[in-house]
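I opened the notebook today to walk through one model, helix first, then charges, then pockets. Here is what I am looking at.

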Amino acid sequence: MATAVPHIPPKQDLPPPGGYKKIPFARVPPKSYFTGFTMIGTYVAVTAVGLGIYYLTAKKVKRDEIEMRSAQNVIFPILIAERDREFLRQLRRNRDEEAELMKNVPGWEVGTWYGEPVFKTLPEDTLVTPIFKEFYAHSDWKSYAKRAHLKLWS
């Protein structure tokens, strides 16, 4: 025969005696370190000191810029002259290299095309600026590549 299961009443989940604790929901203001007037006064003081330092620094920077500009204006003609001298030296090196390369070719004159001037309408003492590749024709590849990179990308 089956045994009867004793009847156990269900246990209900109830609040503890005296009820639950109160939930704190009141606003807790943060601690105030400075008042509004203190913050505004600090801002004004820091700004005044910063502007004073900026003014002194700006005067020095302006003086330095004027000095650098003067130095650049003084040295610029010297740099242009050096650039022109190096240009003429490279033209001379190109001419000497052409003479060395073509010395065994009969009828070849340096600066002409088999004795005929290349530019017939120009006076003989006129300097014709060579094109880029012609200028670097007898120099090393590294110099050509460096200058080509500068010329093409700037």
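Before I start on the pockets, a reminder to myself: a pocket here is an open set of grid points with protein on both sides within 12 Å along at least five of seven lines, and its lining residues have an atom within 4 Å of a point. I also keep in mind that this is a predicted model.

**Entry 1: the second largest pocket**

I found 14 residues in the lining of the second largest pocket, with Arg83, Phe87, Phe135, Tyr136 and Arg147 nearest its centre. Three elements, α1, α2 and α3 (141-153), each give two or more residues to this lining. I noted that α1 gives the most, with six residues. By class, I have six nonpolar, two polar and six charged residues in the lining of the second largest pocket. The space in it comes to about 330 Å³.

**Entry 2: the largest pocket**

Next I turned to the largest pocket, which holds about 1100 Å³ of space. I count 29 residues in its lining, and those nearest the centre are Arg95, Gly111, Phe119, Val128 and Glu134. The elements that give two or more residues here are α1, β1 (112-113) and α2. Which element gives the largest share of this lining? I see that α1 does, with five residues. The lining of the largest pocket divides into 17 nonpolar, six polar and six charged residues.

**Entry 3: along helix α1**

Helix α1 covers residues 36-101, and I found a kink of about 35° at isoleucine 75, shortly before proline 77. Which residues of α1 are buried? My list reads Gln90, Leu91 and Asn94. These buried residues pack against α2, which spans 132-135.

**Entry 4: salt bridges**

How many salt bridges does the structure hold? I get eight.

I started with aspartate 64 and lysine 60, which form a salt bridge with their closest N and O atoms 3.0 Å apart. Why are they about one helical turn apart? Because they sit four residues apart in helix α1. Aspartate 64 is partly exposed, with a relative accessible area of 33%, and lysine 60 is partly exposed too, at 45%.

Then I checked glutamate 82 and arginine 85, whose side chains meet in a salt bridge at 3.1 Å, N to O. Glutamate 82 counts as partly exposed at 40% relative accessibility, and arginine 85 is partly exposed at 45%.

I jotted down the rule behind this spacing: an α-helix has 3.6 residues a turn, so residues three or four places apart point the same way.

My last pair was aspartate 96 and arginine 92, with the closest N and O atoms of their salt bridge 4.0 Å apart. That distance made me check the cut-off, which is within 4 Å. These two are four residues apart in helix α1, so again about one helical turn lies between them. Aspartate 96 is partly exposed, with a relative accessible area of 44%. I also found that salt bridges with shared partners join Glu86, Arg89 and Arg93 into one network.

Notes
Residues are numbered from 1 along each chain as its sequence is written. This is a predicted model: local features need pLDDT of at least 70, side-chain atom pairs count only at pLDDT 80 or more; totals for chains, interfaces and linings use all residues. Side-chain values use heavy atoms; hydrogens and water are left out. The bend at a residue is the angle between axes fitted to the seven residues ending there and the seven starting there. Buried means under 20% relative accessible area, exposed over 50%, partly exposed in between (1.4 Å probe, protein chains only). Contact means heavy atoms within 4.5 Å. On a 1 Å grid over the protein atoms alone, a cavity is a set of points where a 1.4 Å probe fits but cannot get out, and a pocket is an open set with protein on both sides within 12 Å along at least five of seven lines; lining residues have an atom within 4 Å of a point. Grid points are joined across faces, edges and corners, and a volume is the space filled by probe spheres set on the points. Ala, Val, Leu, Ile, Met, Phe, Trp, Tyr, Cys and Pro count as nonpolar, Asp, Glu, Lys and Arg as charged, and the others, Gly among them, as polar.
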